Amino acid sequence: MDQFTPATNPPTALLSIPGDPIQVQMHTLSNGLKLFFTINKNEPRVYTEIAVRVGSKHDPADTTGLAHYFEHMMFKGTDRLGSLNWEEEKALLDEIESLFERHRAEQDPEQKKRLYAEIDRLSNEAAQFAAANEYDKLVSAMGAKGTNAYTWVEQTVYVNDIPSNELERWFALESERFRRPILRLFHTELETVFEEYNISQDKDFRKTLKAMQETLTPTHPYGTQTTLGRGEDLKNPSQTNIYKFFDTYYIPNNMAIVMAGDFDPAHAIRLAERYFGKFEAKPLPKFTFKPQPELGARTLREVYGQESPWVEIGWRLPGAKSKEASLYLPLIAGILHNYQAGLFDLNIVQKQQLLEAYAYPRVYEDFSSLLLMAKPREGQGLEDVEKILMREIDNLRNGVFEDWLLEAVIKDMKISEIRAFEKNQGRANTITNAFVLGVEWSEVVKRWKKLSKVTKEQLVDFAKHTFRDNNCAVVYKHTGEDQSVMKVEKPPITPIEVNREGASSFASDFLQWETPEVAPTFVDFKKVIQTKKLSAGVSLKVVQDKKSKMFRLHYCYDMGKLNDRRLAILAGYFPFLGTSKYSPTEIQQAMYRLGVSFGAECREEHFFISLTGLEESFEQAVKLLEHILEDAKPNPSALENLVADILLRRENNKKDKRTILSKGLLNYAKYGPENPFTDKLSAEQMHELRPDELVETLKGLRQYKHEVFYFGAKSGGKIRSLLQEVHPSEKAVQQAVQAKRYQELGSKKDKVYFVHFPSVQIELLMLSKGTPKFNLEEFVLGEWYNQYFGYGLSSIVFQEIRESKALAYSAYVHAGSPTKKNKAHWLQAYVGTQPDKLRDAVEAFQAILENMPVSLPQMEHARKGVLKQIAAGRINQAELYWAWRGSRDRGYLNRDLRQDIYQNIEKASANDLIEFQQKHVKGRHYTWLVLGERERIDFTYLKKMGKVTELSLEDIFGY
């Protein structure tokens with residue numbers, strides 16, 4: 001495999017669109033492969049997406065889920081990539097493919113089991129010829145970040161974020177895996193897909209999505225099949241059908257390469273020609289579908305799940321390229337809901353009619369839809385929620401909204417695009433989305449002119465005819481047991497022996513390629529952050545970007561809910577406060593018209609008041625914000641409703657297993673029954689709060705020392721002058737009151753905390769307290785340990801837990817470093833698995849944690865990967881201040897800690913990583929957090945893990 005020497009011939013012409021804010025350059029290879037390039041010199045990285053216009057709507061009707069699980073197999077390599085002896089391996093894989101076809105056709109359950117046992121045996125033989133996770137090792141060695149893929153209704157997209165100097169190796173690697181993937185290690189990966197399917201049974205949003213699409217598009221694949229597929233189909237896969245699927249759809253004239261970042265487009269075209277130009281174009285089968293039956297009545301569906309209840313309402317519209325979907329739909333959604341001044345925002349959220357209310361478009365190629373979603377307040381039925389939503393649809397149909405709102409919605413859409421285009425990923429996502437939907441990029445660029453010509457009268461007329469009471473789908477999501485849950489029972493498999501040392505000839509050549517080095521750049525915070533004084537008690541930090549169209553302003557107070565519990569309530573109360581001049585509604589409308597958003601956020605030891613938006617609106621917006629802070633008036637009814645909603649959200653949190661595990665149970669394990677999570681005002685204390693008390697608390701913030709951070713186009717001197725006019729700072733002399741401290745608890749013995757929660761799978765979270773204060777050496781080597789051992793597709797955990805044993809869809813280990821210098825380091829591990837695999841999962845984790853498998857080549861790849869990531873990484877200008885605060889809070893003022901990581905790992909050896917594991921991981925005691933259904937848990941085994949304590953939700957939530 002020879003590296004490519006660019007030709008000296010003139011560069012190929014690239015097509016661009018006048019007025020394109022990110023200047024996308026386009027080219028199509030002779031075989032139909034489309035290239036989309038957008039240049040961003042902010043950091044020497046390239047965000048890449050390879051998009052294939054195929055998804056679950058293209059799945060064969062009798063093999064649903066195929067597009068998705070084929071995406072998983074695209075990481076397994078080819079006959080050259082990932083194979084140690086292709087001739088021997090191929091013979092076994094051919095036999096396995098044949099056995100899967102026999103298994104699929106067999107009707108006798110016992111014979112199916114025997115066939116699967118033979119598949120299992122042969123798969124283990126074939127595994128000895130496979131280099132484990134070789135693709136993932138190679139992208140990791142390049143310094144790639146975010147390596148992943150996703151499948152949805154009509155797309156499968158493969159993602160990498162690579163250093164700019166690795167462009168050719170990326171092209172070589174991607175062209176190899178897209179050349180002809182091999183379905184090696186298929187049955188263990190299929191078990192992972194089973195796991196993902198079973199996990200989905202616990203996710204209520206998937207249930208409502210399915211019910212909605214079945215109603216809106218009942219005879220189209222949008223409604224007849226889901227991306228994860230039917231359980232019965234997953235149990236009877238066909239490798240032959242998978243290869244047919246690849247040959248049919250993974251063709252260059254159905255694909256696009258999207259790249260955003262720092263690279264030479266002409267060079268990229270030549271690389272694309274060399275590595276993808278030989279791929280053969282083929283006729284693409286035309287996707288056809290029947291017209292969907294008209295919805296002649298309100299159609300209600302009801303689904304059940306453990307989460308809190310909600311309502312969804314949907315109307316069907318034509319597909320992505322229609323005028324209805326491309327112009328009217330986003331405008332209608334913005335008029336209904338934009339988080340500030342939409343009909344839902346002002347008439348429902350601001351008036352506290354419902355707990356939550358949203359409107360959003362769902363745009364697919366063939367059909368689109370307008371979706372409404374809302375949650376009830378205490379005492380409301382789902383019928384009440386539907387009526388309130390439909391009342392606002394009636395206002396839309398009658399044009400009962402401000403004339404200026406349409407123009408403001410378009411401005412807000414442009415602001416969202418500006419924010420997205422600040423980052424490479426946002427650019428690439430937008431381009432890929434257009435390609436997938438079949439929308440020309442020129443139409444994306446030109447849509448603003450078309451949007452500006454849409455009138456209020458046109459939208460109102462469209463709404464009257466489209467969003468009627470008798471042509472909608474309604475889904476009620478109830479809290480309760482779902483009798484329709486189907487768990488895919490997985491056949492027994494033998495764990496595969498993972499070969500970490502072997503390397504294919506492709507990989508060996510690949511790793512010997514020389515690539516130009518990217519020199520790391522570290523931040524001198526004193527130079528990039530301007531420091532000014534507004535007064536003795538208020539400092540100003542400014543990061544200037546003269547080209548920025550957006551500004552960010554934050555008032556930062558070193559006090560949060562652990563200093564004063566009322567601050568947590570104040571953050572939620574803030575948007576409901578008016579002044580002597582303006583009502584809360586008028587303030588929201590004024591800010592929205594300016595293209596600005598504002599709000600407050602309360603954390604454990606920090607309180608932030610933030611203002612973000614268009615740079616041109618900065619002066620008007622900050623004056624309005626200061627007017628609110630000075631002249632805020634109590635709003636008694638809003639506080640009463642807010643307290644009721646907070647109490648309801650607390651109850652709803654008990655129905656959310658993510659909150660139960662990662663907040664409630666985790667804090668209980670770290671600190672005990674009294675902890676930062678439970679440290680909140682009781683219901684009685686909140687009912688006793690006085691509206692004027694909270695307003696005085698808000699105004700009283702001006703008396704405390706604080707810091708102001710500004711990012712935008714203006715200089716530090718200009719911002720200081722503006723703020724000195726409007727932001728009173730002379731009275732800011734008080735120090736923050738002391739925050740309540742909680743002692744982090746260690747474990748002298750292993751123990752288990754169990755919480756009952758009805759679910760298909762078991763959630764396991766393992767914690768162990770380490771060094772009690774921030775330790776720089778541990779922080780530095782923890783980065784390497786995490787990349788080699790703990791997370792990512794090439795990590796030991798992924799190989800052992802998922803690739804070898806198929807014990808979980810998701811698993812990781814993370815050596816965590818504290819964000820504060822006086823906090824402890826924590827080791828955290830997670831696995832979500834099935835109840836029957838509890839023991840296997842725990843023992844597998846225990847074995848590799850205690851005795852870390854050592855692969856010297858893999859350690860070296862991980863070490864170089866960390867170095868390459870840092871060398872090609874740059875801190876985004878808008879994030880410089882927060883990076884500076886992070887170093888300061890750890891005790892290293894004005895120090896870019898990435899430099900410590902780089903310099904230490906650059907000279908580190910494998911022995912350093914082994915010693916890190918011996919010193920900081922081996923021999924530790926753990927607290928196991930187990931969340932699952934009591935009747936399905938093997939408590940006899942849990943007791944072998946450690947002393948078992950069963951906790952109630954009241955125990956861990958504190959109420």
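Predicted model: local features only at pLDDT ≥ 70, side-chain atom pairs only at ≥ 80, totals over all residues.
Residues are numbered from 1 along each chain as its sequence is written. Local features need pLDDT of at least 70 and side-chain atom pairs count only at pLDDT 80 or more, while totals for chains, interfaces and linings use all residues; side-chain values use heavy atoms, with hydrogens and water left out.

Helices (H or I, at least four residues) and strands (E, at least two) are DSSP runs, numbered from the N terminus. Helix H14 (residues 382-397) comprises 16 residues and spans 23 Å from its first C-alpha to its last, close to the 22 Å expected at 1.5 Å a residue, the expected span being 1.5 Å times one less than the number of residues. Its buried residues (under 20% relative accessible area; exposed is over 50%, partly exposed in between; 1.4 Å probe, protein chains only) include Leu382, Val385, Glu386, Ile388 and Leu389. Glycine 399, with a positive phi near 70°, follows H14.

Arginine 298 lies in the loop between helix H11 (265-276) and strand E7 (299-305) and glutamate 386 in helix H14, so the pair ties together parts that are 88 residues apart in sequence. Glutamate 386 is buried at 10% relative accessibility, whereas arginine 298 is partly exposed at 37%.

By the same rule, the count of salt bridges comes to 69. Among them, arginine 741 and glutamate 605 meet at 3.1 Å, N to O. This pair links distant parts of the chain, 136 residues apart. Arginine 741 is partly exposed, with a relative accessible area of 48%, and glutamate 605 is buried, with 15%. A network of salt bridges links Arg53, Lys57, Glu154, Glu365 and Asp366.

Six strands form an open sheet of mixed pairing, in the order E20-E21-E19-E22-E18-E23; two strands pair if DSSP finds at least two bridges between them. The edge strands, E20 (811-816) and E23 (947-951), each pair on one side only. Strands E19 (residues 762-769) and E22 (residues 927-932) pair in the antiparallel sense over five bridges. Methionine 766 stands opposite tryptophan 928 in E22.

Technical notes
Salt bridge = Lys/Arg side-chain N within 4 Å of Asp/Glu carboxyl O.
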